[in-house]
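Here is a short briefing on one protein model. Please keep the sequence and the coordinates open while reading.

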Amino acid sequence: FSMAERTNKSQELDKLVLNKLATLSNLDLTSKVAINLTHQSLHSTAFRLWLAEFIKQNKSKLPRLVFEINEDAILAGIDSSTRFIQSVKALDIEICIDRFGSSFTSFKYLKGLDVDYLKIDGAYINELEMHAENKHFIQAVTQIGHGVGIKILTSHVESSATKNLLTELDCDGLQGNFVQKTLTLVEKDNNLACTYSPLKLV
């Protein structure tokens with residue numbers, strides 16, 4: 001991901017991921033698949049136009065999509081981020097802001113964006129049970145998000161204690177090694193010259 005951005009190949013990477021997704025035969029098309037979208041694709045008019053055509057051609061082969069967008073990428077260009085989000089929502093794609101809370105202006109910019117999920121920055125989750133101030137932040141995000149119809153997700157869940165706290169704080173979804181360990185790269189795809197670990201969606 002970061003290598004693709006450094007070499008200015010991130011749009012090609014995002015297109016590759018989406019094209020590959022459209023060819024997988026073992027997907028439950030009623031499930032949701034979240035894809036991390038790169039900074040360059042978010043702010044590219046050309047990618048936006050390509051995406052609209054791609055969805056038009058492949059909608060029947062795709063599961064429900066969620067694009068995860070890093071908060072820093074959104075803040076790099078609020079106007080172009082807003083245009084992108086509006087265009088993909090018209091394609092029935094949901095939006096998740098990743099690493100929410102990493103900026104001091106997180107709540108300020110949120111007002112004008114039509115998003116479906118906020119994934120709280122992992123810095124607030126690590127050793128959560130030892131930091132009362134982090135609990136207050138998560139509680140505030142959850143209350144504000146739920147008040148405007150946004151679901152709250154968290155990553156970096158590494159223990160049952162953290163899971164229980166986040167459940168008590170009314171978070172809607174959890175991610176981390178305690179929930180699902182990272183899968184190893186096991187299967188070779190000769191067409192892509194890389195390996196991946198297919199995950200059955202339920």
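The side chain of E129 makes a polar contact with the side chain of T162, at 3.3 Å. A polar contact is a pair of N or O atoms within 3.5 Å; within protein, one must be able to donate a hydrogen and the other to accept it, and residues adjacent in sequence count only if both atoms are side-chain atoms. The model is predicted: local features need pLDDT of at least 70, side-chain atom pairs count only at pLDDT 80 or more, and totals for chains, interfaces and linings use all residues. Residues are numbered from 1 along each chain as its sequence is written, and side-chain values use heavy atoms, with hydrogens and water left out.

- E129 sits in the loop between β4 (117–120) and α8 (132–147). Helices (H or I, at least four residues) and strands (E, at least two) are DSSP runs, numbered from the N terminus.
- E129 counts as partly exposed because its relative accessibility is 37%. The cut-offs are under 20% relative accessible area for buried, over 50% for exposed, and in between for partly exposed (1.4 Å probe, protein chains only).
- Beyond its neighbours within four places in sequence, E129 is in contact with K135, S159, A161, T162 and L165. Contact means heavy atoms within 4.5 Å.
- E129 and L165 are 36 residues apart along the chain, yet their C-alpha atoms are separated by 7.4 Å.

**Whole chain**

- The protein chain holds 9 helices and 8 strands.
- Of its 202 residues, 41% count as buried.
- Among contacts with a separation of 6 or more, 63% join residues 24 or more positions apart.
- The chain exposes about 11,400 Å², and carbon and sulfur atoms supply 53% of that area. Accessible areas come from the Shrake-Rupley method with a 1.4 Å probe; for residues, only the protein chains shown count as cover.

**Nonpolar core**

- In soluble globular proteins, nonpolar side chains tend to be buried together.
- The largest nonpolar core has 45 residues. Such a core is a set of buried Ala, Val, Leu, Ile, Met, Phe, Trp, Tyr and Cys residues joined through side-chain atoms within 4.5 Å.
- Which members touch the most other members? They are L51, F67, F84, I97, V115, L118 and I138.
- Helix α4 (residues 45–58) gives this core its largest share, 4 residues.
- V115 touches I85, I95, I97, L110 and I150, with residues up to four places away in sequence not counted.
- L118 lies in strand β4. It is buried because its relative accessible area is 1%.
- L118 touches C96, I97, F100, L110, V141, I150, K151, I152 and L153, again not counting residues up to four places away in sequence.
- L118 and I152 are 34 residues apart in sequence and 5.0 Å apart in space, C-alpha to C-alpha.

**Helix packing around α4**

- Helix α2 (residues 10–21) packs with α4 at an angle of about 10 degrees, with axes 12 Å apart. That angle makes α2 roughly parallel to α4.
- Axes are lines fitted to C-alpha atoms, for helices over the stretch in contact, and angles run from 0 to 180 degrees between N-to-C directions. Angles under 35 degrees count as roughly parallel, over 145 as roughly antiparallel, 65 to 115 as roughly perpendicular and the rest as oblique.
- From α2, Q11, D14, K15, L18 and N19 meet F47, W50, L51 and F54 in α4.
- α4 and α6 pack at about 5 degrees, with their axes 11 Å apart. These two helices are therefore roughly parallel to each other.
- The α4 side of that contact is F47, R48 and L51, and the α6 side is S80, R83, F84, S87 and V88.

- A polar atom of the S81 side chain lies 2.8 Å from the backbone oxygen of G77.
- Not counting residues up to four places away in sequence, S81 touches L42, H43, A73 and I74.

**Positive phi**

- D92 is not a glycine, yet its phi is positive, about 70 degrees. D92 is in the loop between α6 (78–90) and β3 (94–100). D92 is exposed because its relative accessible area is 59%.
- R99 also is not a glycine and has a positive phi, of about 60 degrees. R99 lies in strand β3. R99 is partly exposed, with a relative accessible area of 34%.
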